[in-house]
Amino acid sequence: MSEKAIINYCWNDFVNNESRNGYYSVYQHYYAYLLYVGIKKGFDAETVKDTVNDIFLYFWEKRFQLKHIQNHHNYILTYFIRSLCKNNKDKTVLPVEMDDSDWFSAPPCDEQLLHDEHDKVLYDLISKQIKQLTPKQRLLIYQKFYLGFSYDEISRFNHISISTVYNTVYAAMDKLRRLLPRDTVITLISVMVIAFAIFFAIR
Amino acid sequence: MPEKEDSHLLANESFINYCLDRNEVDISKWEEYLQANPHERERIDALKSIVRLTSKAVSEIELQSQLEKLEQEIPLEEEQLSSLPFKTGRRSLSWMAVAALIVGVLLISTAALYFLTGKKSETAPVAASFDTHKGQRRTFFLPDGSKVVLNAESHILLAEDFNIKQRVVKLSGEAFFDVTHDTSKPFIVQTHDMDIKVLGTAFNVKAYEGDETSETSLIRGRIELSLKKDNKKVILRPNEKYLLHTAGSLTVNKSIRKSEVFKPVSGLQPVHISKKDAAVVEVAWTENKLIFIDEPFESLVKKLSRWYGVDIEIADPALKNTRYTASFRNENLNDVLTALQFTKAFSFKHENDSTIIINK
């Protein structure tokens, strides 16, 4: 099933059966995308995050009345942008047109990775390290590594200098790198394979 | 082009674009570089893993923290109690792949064991138990996928053959159950004075030994109670509860009367729905809410004591019968007591770290 079909299914499950699982799946699917759109339109990240949660809360409350919606994607996007503008009238909205080339797509990291044990070990180390970052640092890492904004964009969206952005990202990645010595990263693969084999041999 | 050190590469715009397949120009640039410098392949691949995993990790953390905020705002309702951990289609796909991998490895190793030792390995059932002490609450999942929220000072013991032919748990204290549907393996909760048999449903059981009453509240589905003392069976429908006077006589009263709130007798009653936020009072504790409806001070204090893990003594017996209606969420004990003082004046002081004395 394609991702689009899955989300269609989840949305229908949500509006027809009040499915909580369907609802959360739709949220997870749209979260990064709406953040991307909102930040590109010139709203600050915190406002955008709050708005995303507000509109989804509204969807949950109105779940009995959403059956008539033909195109949930347009509905979510339109409602989101309207809420952003309505609640932040003082803001000047950047005239950002979302054309096809500008379409946000999640980095393709999920499928191939994490099937190897060694990737999981690395992943846990990295997750732990990222949790240590301050919210501000994490925000920049998120915008750089997940939303895929350029340094220039991040500096404009967050009203900080480009060198601050770069230095923050550099410091975080440098720390990560030191946490994961190169040999470890490379040898982890072979070590994990052996450890895995031994583990099951003992059992 | 780069003989750069790793950290510089990890923060390099074009390199990140290459790792995350973001930009055609950067992708071909780095692929050409690797063609020309094959000895760099290993290092670049390792760094690429880091970038991709960072991207995944940071998005996961970000999403989870926002999701938690959202969840807190959505009220607990009947059908929502069934919320097992949800998965997106994509995530469940990759988990399926992981699961398939693990199953594959297990199969191979089992086969190897079989040939090596001539024996088939068996998974022996293990009895498990869960405890909470005063002031503590825990949520966990049983091996069959059923969700349990255990309130303070409670204990659950799984039968040794749990999930083989049936699913038997022993409970003392209070717990909320959301049972995974499986007609072939009935789910049975045993308490000191009743057994509760279910097929797949959500319900709350309160059976503290030493308390005057035990009660079972049904949120969804259908359950059958077997009362040990009377050797009698009672069927419960959604939003009904069965209140059992462990000390007093066991009269079953099917009609719903308002006076029952004041003078509870054993029998079927509706669950309380809080007017303010439409929450079912009996299961409000699973959402960290403390709700009292026309509750005598003495039993209210007992609940506070369990909830906060503090001993509270009522020094003046005249206070014991004052009735309170109140609801709290995430407040500390001092704030709760201070709020209650507005209804009827009393004083309280901390005797020591774990004891509070209440007086006129």
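This is a predicted model: local features need pLDDT of at least 70, side-chain atom pairs count only at pLDDT 80 or more; totals for chains, interfaces and linings use all residues.
In chain A, the secondary structure consists of nine helices and zero strands, so that, read from the N terminus, the elements follow the order α-α-α-α-α-α-α-α-α. Chain B, by contrast, contains seven helices and 18 strands. Of the 203 residues of chain A, 49% are counted as buried, while in chain B buried residues account for 46% of 360. Among the contacts of chain A between residues at least 6 apart in sequence, 66% link residues at least 24 apart; for chain B, residues 24 or more positions apart make up 48% of the contacts with a separation of 6 or more. The accessible surface of chain A is about 10,400 Å², with 55% of it supplied by carbon and sulfur atoms, and that of chain B is about 18,300 Å², with 52% belonging to carbon and sulfur atoms.

Within chain A, helix 3 covers residues 45-61, and its 17 residues reach 25 Å from the first C-alpha to the last, close to the 24 Å expected at 1.5 Å a residue. Because 12 of these 17 residues are buried, helix 3 of chain A is largely enclosed by the rest of the structure.

The largest nonpolar core comprises 82 residues, of which Y23(A), L34(A), F56(A), F59(A) and F15(B) touch the most other members. Helix 2 of chain A gives the most to this core, contributing 13 residues. In soluble globular proteins, nonpolar side chains tend to be buried together. Beyond its neighbours within four places in sequence, Y23(A) is in contact with F14(A), F56(A), L57(A), F59(A) and W60(A), and also with L70(B) and I74(B) of the other chain.

In chain B, Y208(B) lies in the loop between strand 8 (202-207) and strand 9 (213-220). With a relative accessible area of 5%, Y208(B) falls under the 20% limit and is therefore buried. The side chain of Y208(B) reaches the backbone oxygen of A152(B) at 2.5 Å, and a polar contact of 3.5 Å joins this side chain to that of S154(B). Other residues in contact with Y208(B), apart from its neighbours within four places in sequence, include N151(B), E153(B), G173(B), H192(B) and R306(B). E174(B) is also a contact partner of Y208(B), and although the two stand 34 residues apart along the chain, their C-alpha atoms are separated by 6.7 Å.

Over all chains, the structure holds zero disulfides. Of the cysteines considered here, C10(A) has a relative accessibility of 8% and so counts as buried, whereas C85(A), with a relative accessible area of 28%, is partly exposed.

Note on methods:
Residues are numbered from 1 along each chain as its sequence is written. Chains are lettered from A and ligands numbered from 1 in the order in which they are written. Side-chain values use heavy atoms; hydrogens and water are left out. Helices (H or I, at least four residues) and strands (E, at least two) are DSSP runs, numbered from the N terminus. Buried means under 20% relative accessible area, exposed over 50%, partly exposed in between (1.4 Å probe, protein chains only). Contact means heavy atoms within 4.5 Å. Accessible areas come from the Shrake-Rupley method with a 1.4 Å probe; for residues, only the protein chains shown count as cover. A polar contact is a pair of N or O atoms within 3.5 Å; within protein, one must be able to donate a hydrogen and the other to accept it, and residues adjacent in sequence count only if both atoms are side-chain atoms. The expected span of a helix is 1.5 Å times one less than its number of residues. A nonpolar core is a set of buried Ala, Val, Leu, Ile, Met, Phe, Trp, Tyr and Cys residues joined through side-chain atoms within 4.5 Å. A disulfide is a pair of cysteine sulfur atoms within 2.5 Å.
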